[in-house]
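Dear colleague,

My notes on it follow.

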Amino acid sequence: MKHKCSCHCKSVEFEIESDLENIRQCNCSICIRRNAKMVIIAKENFKLLKGEDHLSLYQFNTNVAKHFFCKKCGIYTHHNTRSDETKMGVNLGCIDEIDPFSFEAARVDGKKLTYTK
Ligand SMILES: [Zn+2]
């Protein structure tokens, strides 16, 4: 199923194809701070519709994962994972017309993975 997604100020809009089954919440150093439920999707199921110039990239540690956020409103939109480069995570809260409270997130112990190279 296709879902329209956006950051808060709507500068960034994208579309994902997902059954919204693979929902996760992670406790690594960055995820614990942004505290978002994420849906994990295959990279090819992500399509940026607008706002490429509003996306800012944040990287740290091994600089493999790519964390994107809107530089106007500061909202985390999506990231490319370090553990599997065919996958990416999308902020569940950015998906229009769903209630993130109604989704259970599996907990990922990313804290352990953060400092391993
Ligand atoms: Zn924004």
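How are the donor residues of the zinc ion spaced in sequence? The pattern is C-x1-C-x60-C-x2-C. Please note that this is a predicted model.

The zinc ion is coordinated by the SG atoms of C7, C9, C70 and C73, at 2.3 to 2.4 Å. Because the four donor atoms subtend angles of 108 to 115°, the arrangement is tetrahedral. Distant parts of the chain are linked by the pair C9 and C73, which lie 64 residues apart. C9 is in the loop between strand 1 (2-6) and strand 2, and C73 is in the loop between strand 7 and strand 8 (76-80). C9 counts as partly exposed, at 26% relative accessibility, and C73 is also partly exposed, at 24%.

Turning to the sheet, seven strands form an open arrangement in the order 6-7-8-9-4-3-10, with mixed pairing. Strand 6 (55-58) and strand 10 (106-108) are at the edges with a single partner strand each, so one side of each has no neighbour in the sheet. On average, neighbouring strands of this sheet are turned by 30° against each other, direction ignored. Strand 3 (residues 23-26) runs antiparallel to strand 4 and is joined to it by two bridges; R24 has M38 of strand 4 as its bridge partner.

The largest nonpolar core comprises 20 residues, and F14, I16 and V39 have the most contacts inside it. At least two residues of this core come from each of strand 2 (13-17), strand 4 (38-42), strand 7 (66-70) and strand 9 (87-91). Another core, of seven residues, lies apart from it and includes C26, I30, C31 and M38.

With kind regards

Definitions and conventions
Residues are numbered from 1 along each chain as its sequence is written. This is a predicted model: local features need pLDDT of at least 70, side-chain atom pairs count only at pLDDT 80 or more; totals for chains, interfaces and linings use all residues. Side-chain values use heavy atoms; hydrogens and water are left out. A nonpolar core is a set of buried Ala, Val, Leu, Ile, Met, Phe, Trp, Tyr and Cys residues joined through side-chain atoms within 4.5 Å. Buried means under 20% relative accessible area, exposed over 50%, partly exposed in between (1.4 Å probe, protein chains only). Helices (H or I, at least four residues) and strands (E, at least two) are DSSP runs, numbered from the N terminus. Two strands pair if DSSP finds at least two bridges between them. Axes are lines fitted to C-alpha atoms, for helices over the stretch in contact, and angles run from 0 to 180 degrees between N-to-C directions. Donors are N, O and S atoms within 2.8 Å of the metal (3.2 Å for Na, K and Ca); water is not among the atoms, so sites may look incomplete. Four donors count as tetrahedral if all angles lie between 85 and 135 degrees; four count as square planar and six as octahedral if opposite donors are over 155 degrees apart and all others between 65 and 115; anything else is irregular.
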